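Welcome, and please load the model in your viewer. We will go from selection to selection and say what is there at each stop.

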Amino acid sequence: MRLSSDSALPAAIARPGYPRERLQPRIVHLGFGAFHRAHQALYAEKLANEHASDWGYCEISLQHGQQKIADLQRQELLYSVAEMDDDGWQGRVIGVVRQALHLQADGLAAVLAAMTRPEVAIVSLTVSEKGYCHHPAGGDLMTDHPDIAHDIAHPLQPRSAPGLILAALRLRRERGLPAFAVMSCDNMPANGQVTRTVITQLAQRQDAGLAEWVRREAAFPSTMVDRIVPAVTPETRRQLQSLLGGIDDEIGVACEPFSQWVIEDNFPQGRPAWERVGAELVSDVLPYEEMKLRMLNGSHSFLAYLGYLAGYQHISDCMQDADFARAARHLMLAEQAPTLRLQGVDLAQYADSLLQRYRNRALKHRTGQIAMDGTQKLPQRLLDAIRWHLAHGGNFACLALGVAGWMRYVGGRDEQGRAIAISDPLSERLADLVAGSEEGRPRVLALLQLETVFGRDLPDTPVFVNAVCEAYQRLLALGAKAAVAALPTHAS
């Protein structure tokens, strides 16, 4: 039996305690992925339940996720979230979604109609780093991206997320409606600034007058989001079904109990009272973003590439290896923490709390999932910190091994010679660079040609190049497990 408002759920499952018809879809969200379902939508659910908020969501999927939107529609726009740790699972049903659309299935006109309702005050996004169609090393719009090239030529028939947002803003301007705030909830430094840059640069290519209006009228608040939400597996589904008393929920998600949301308070047309349910509203998010991207996401990437190569399927498996746990803590405190600007936070305590979260064996957070889209993630997670060390004469042995681990991973073979399925927007380019280079230092030099990842500065910096080459050679000679064990981490 499928989840619905009539489902006979166990008493322990929390469910909407408010009249759902009261909610208005004042937030349009692009990217109905697992993270959004377990994070931002949950804050709205708590506000509706505990504080009579009338802020609801219209969910939109652009390319993928057609089946999820269809399932959500069949479930009366309801789905479940389970928080899981080693002590058990806690579940609740989410009811704040008031509309759900898929760009291809429901059509562009329906999507733009939803985004141009007068009451829409916020358009938020979780489309992953690659969905912004930008150069990660510099932040500018990727004008040669096929979808962006199409959107420049056909502004009224957008394919990309920036193009769709801009088309909606164009219509709002024509109709005399105010611009909404565009809120990125993806893991990127200065994600609000990145969003502003790609949308205004795209607007400039389409219509200079529109670009000026967007710059003047639209807001692009930055955010920092944190919650570990592993990919849903068949085992997760079975456990969810059991938690729900045998009720089927095709789009339910499971996540860790911890959740954090830091938001730049810049919403000219209003916003939910997120601070009433635990979010932090601040004037500058960037220091929080840097802390999370470098200490959490950076250590995650380090563990993902090297852990995968060492044969560890999950982050919690890596934590059972004392050398990996010690290296992750050293990476956070000795190599990432010195690069941060955030004041008044006990970073040692933060690092230890992250390691405790990583040990949660119920999460089953796969190293292969975290390893996806590395060309989009390396700059902010590892390379920006390396640039700091190069400027300040610091030691970055763990960071260098993390970069080398990525290079070994994208070689497409693990240490047992098994094929690795590389999921990355530059996968074809990566395959060409790997195929055209010999193993060892030539492989490193070939991959450093990726200017969108490494920029022009790092490949021209001998200290960086030699550090990564030496780390890569250690991986070849020792294997990932022994290379991590050999790291000089005694000082942490």
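Begin by selecting residues 284–475: the C-alpha atoms at the ends of this span lie 40 Å apart, and the span is 66% helix and 0% strand. Helices (H or I, at least four residues) and strands (E, at least two) are DSSP runs, numbered from the N terminus. An unreviewed UniProt entry places the feature "domain: Mannitol dehydrogenase C-terminal" at these residues, 284–475; UniProt positions follow the numbering used here, feature names are shortened, and annotations may be inferred rather than shown by experiment.

Before moving on, a note on what you are viewing. This is a predicted model, in which local features need pLDDT of at least 70 and side-chain atom pairs count only at pLDDT 80 or more, while totals for chains, interfaces and linings use all residues. Residues are numbered from 1 along each chain as its sequence is written, and side-chain values use heavy atoms, with hydrogens and water left out.

Next, pick Leu-286, which sits in helix α11 (residues 286–310). Leu-286 is partly exposed, at 24% relative accessible area (buried means under 20%, exposed over 50%, partly exposed in between, with a 1.4 Å probe and protein chains only).

Now show the second largest pocket, which holds about 250 Å³ of space. A pocket here is an open set of points on a 1 Å grid over the protein atoms alone, where a 1.4 Å probe fits, with protein on both sides within 12 Å along at least five of seven lines; lining residues have an atom within 4 Å of a point. Grid points are joined across faces, edges and corners, and the volume is the space filled by probe spheres set on the points. Of the 16 lining residues, select Pro-136, Gly-138, Gly-139, Pro-189 and Val-194, which lie nearest the pocket's centre. Then colour α8 (191–206) and α16 (374–392), the elements that give two or more residues to this lining. Helix α16 supplies the largest share, five residues. Domain 1 (20–283) and domain 2 (286–486) each contribute at least three lining residues; the domain bounds come from an automatic or database assignment.

Finally, display the cysteines. How many disulfides does a search of the whole structure find? It finds zero, a disulfide being a pair of cysteine sulfur atoms within 2.5 Å. The sulfur of Cys-133 is too far for a bond, because the closest cysteine sulfur, in Cys-185, is 18 Å away. Cys-133 is also buried, at 5% relative accessibility.
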